[in-house]
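Good morning, colleagues. Please have the sequence and the three-dimensional view open while I speak.

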Amino acid sequence: IAATQPSTNWHLKENARDHHTSKFSSKELIVRRGQAFVVTFNGTEQPEQNLTFIAETGPKPSKLTKTQATFGISSTVSKDSWSAVLQSTSSNSVSISISTPPNAVIGRYKLSVQSTSSGSSSPASLGTFVLLFNPWSSGDDVFMPNKAECEEYVLEEFGIIFAGNKNHISSFGWNFGQFQEDIINICLSMLDRSLRYRQDPVTDVSHRNDPKYLGRVLSAMVNANDDQGVVLGNWSGNYEGGKSPSSWTGSGEILQNWKKSGFRPVRYGQCWVFAAVLTTVLRCLGIPTRTITNFSSAHDADGNLRVDEFYDASGNHLDRAADSIWNFHVWNESWFSRSDLGPSYSGWQVLDATPQEESGGIYQCGPASRNAIKEGDVELDYDCPFVFAEVNADCMYWNYDTATGKKTLIFSQSTVIGQFISTKAVGRDDRVDVTNDYKYEEGSRKERDIFKKARKKLGLEDKFDPTAPTPQEVDQKPDISGKFKVAGPLEVGKDLNLILVLANLQSDAKTVHVNMTAWSTVYTRRPVHGIWKDSISVTLSPEEEKQFPIKIPYTEYQQQLTTDNTIQVTALCHVEGGIQVLVQRDITLDNPTIDIEVLGEARVNKEVDVEVTFTNPIDTEVTDCVMQVEGNDLLRGILEIDVPPLKAGEKSSTKFKLFPFETGPKHLLVNFSCDKFANIKTFKMVNVID
């Protein structure tokens, strides 16, 4: 080989097109494993049959750990090892097609070439390239036969995340931004900052061919616990010293901030932030991934498939149990095969980066096979009991006497947990319900059998549990029933009007003393501020139903509301001579709306104006108004615009310019905040034409 450094042509455009990597904004070659790519280089004086290529990754490359490959030029592609096939030669350059095995370690590789004939000459470097998972290749663990699903779950940068509660599902847009500049490098440095890498870099890198290994490692790295990971969680309702979790509109800003700060955890996140960032990282690396929202999601801290909630005599929801039922929880599903468990457990796997419970001593969760969850095979790796409980746990509601510490069961329910499990549709901005993929129909015999099977596998059937209610407690029948009905708009800025409906189920009159409370909460239903309380005594004649209107004025809740806009209303009914009845409802209030209008056609490389309008719906002035705008291929970075204060009922109009640089359907995301309304979000699809 000549003493000069060979110059390399990586055929970036053609290779990227063939490998579905054109969206990356990188000057480095990025290709997918199990598929050929072309490289041309010059500066070799040797006949090409004398050339040996060396590809290596990680700190100590070796053949043994599959982090180094040496291969010559051959006439055919090898199926399960690295190989090179000659494409063409000229007087001073050689074009070869390099094929990688479908189970190659992913990451950044150095490629060098060496002449075999001249013996001792040292290899000449051709440069570096990045190798990713390949869902388009049938030999890959992440192979996804449906091309439209590959497009959505690997290449789509826009997502919709579902939130709210089971009575009132809302949604907002998210910019995953997995192809934004430098994100690929941040994802690779995440792997090099994990505990596994720090403990044993050689072994860690050798496992990077395995999506279940990487999924688990990254579920730990996305949260800051244990390893100085990306996002610091905060569920207190007070977000001083950082950004409120609901203010983010995309993952790019979070990942860039993490790197810019010298890899210090970004403040703050809650479940959808962890899930969205994990989606970005896994899609970036080529593992098909989506976000999943589970409504009425159980957090079973002690692994007994039961969630206990405690209320005092006044009806206050006590924050004293490790268990909780969240209004919603967001996690991930990634698509790959489970060679460790067998083919029936392949397909969608649950990963959860929200730090809820430790697994193997650190905050990580999954991959748990979705099929294993549905069939109650909770003994299988990884963390199936926790995920099974999230969608299936039974709930027990207790009255807790703070003076004596005595608890009495009010009632239990087995059908409230795990409802309307939701994800974004493929290729459309719609909600798809996947509840039936997690469990058999609620209340069916099959569903109860699976629950018993799971309990048995966890050893809960045979063990006496002193904290469990007695069969007598579970079977007791209440004399009255109650519910809260909504009587008016559920909007921030308007009074909250509800009706408490009480019905006597017996043929004799009943006297009932009712203690009512309303608390502002975070979306995990953790009480933050008391807002309102009242008590009434009523007599219900036989089988009578009575309605009691309740009004909580905006002025009373406005100061106490968290950025989640959630209020829990509770009525604890003490029936004379009977058992207590708990009536409760979780209310999520809607923010007012903002509107986006694109003024004219959006054309590539041409400016276009956008107008965003907002009307102040309340009768006081709103101040500190700020708008954040982002959108891949529509504008670079994030636009922050200060909006002047708005008087009562006043309408604001804010204009800015987009400069689209790619054609096709793109999404513009807007987040508007002021002193009275937090994080009003909306998005608009903008079709960019040539």
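Which residues does Asn223 touch, not counting residues up to four places away in sequence? They are Gly229, Val230, Val231, Phe274, Ala353, Pro355 and Tyr363, where contact means heavy atoms within 4.5 Å.

Before I continue, a word on the basis of these values. This is a predicted model, in which local features need pLDDT of at least 70 and side-chain atom pairs count only at pLDDT 80 or more, while totals for chains, interfaces and linings use all residues. Residues are numbered from 1 along each chain as its sequence is written, and side-chain values use heavy atoms, with hydrogens and water left out.

Let me stay with Asn223. This residue lies in the loop between H6 and strand S12 (231-233); helices (H or I, at least four residues) and strands (E, at least two) are DSSP runs, numbered from the N terminus. With a relative accessible area of 0%, Asn223 is buried, the term standing for under 20% relative accessible area, against over 50% for exposed and partly exposed in between (1.4 Å probe, protein chains only). Its side chain makes polar contacts, that is, pairs of N or O atoms within 3.5 Å; within protein, one must be able to donate a hydrogen and the other to accept it, and residues adjacent in sequence count only if both atoms are side-chain atoms. Another polar side-chain atom pair places the backbone oxygen of Tyr363 at 3.2 Å from Asn223.

Why is H6 described as largely enclosed by the rest of the structure? The reason is that 11 of the 11 residues of H6 (residues 211-221) are buried. Among them are Lys212, Arg216 and Ser219. At the N-terminal end, Asp210 caps H6, with a side-chain oxygen 3.0 Å from the backbone nitrogen of Lys212.

The chain passes from S12 through helix H7 (residues 251-260) to S13 in a left-handed β-α-β crossover.

As for annotation, an unreviewed UniProt entry lists residues 263-355 as "domain: Transglutaminase-like". In the model, this span is 16% helix and 44% strand, and its end C-alpha atoms lie 18 Å apart.

Next, a separate sheet. Three strands form an open antiparallel sheet in the order S24-S25-S28. Strand S24 (480-486) and strand S28 (545-552) each have a single partner strand, so one side of each is left without a neighbour in the sheet. Eight bridges link strand S25 (residues 496-504) to S28, and Leu502 stands opposite Lys546.

Finally, a hairpin. Strand S36 (residues 664-673) and strand S37 (residues 680-688) pair in the antiparallel sense over nine bridges, with Lys681 as the bridge partner of Asn671. Six residues lie between the strands, and Asn679 takes a positive phi near 55°.

Key. UniProt positions renumbered as here; feature names shortened; annotations may be inferred. Pairing = 2+ DSSP bridges. Right-handed = clockwise from strand over helix to strand, strands pointing away.
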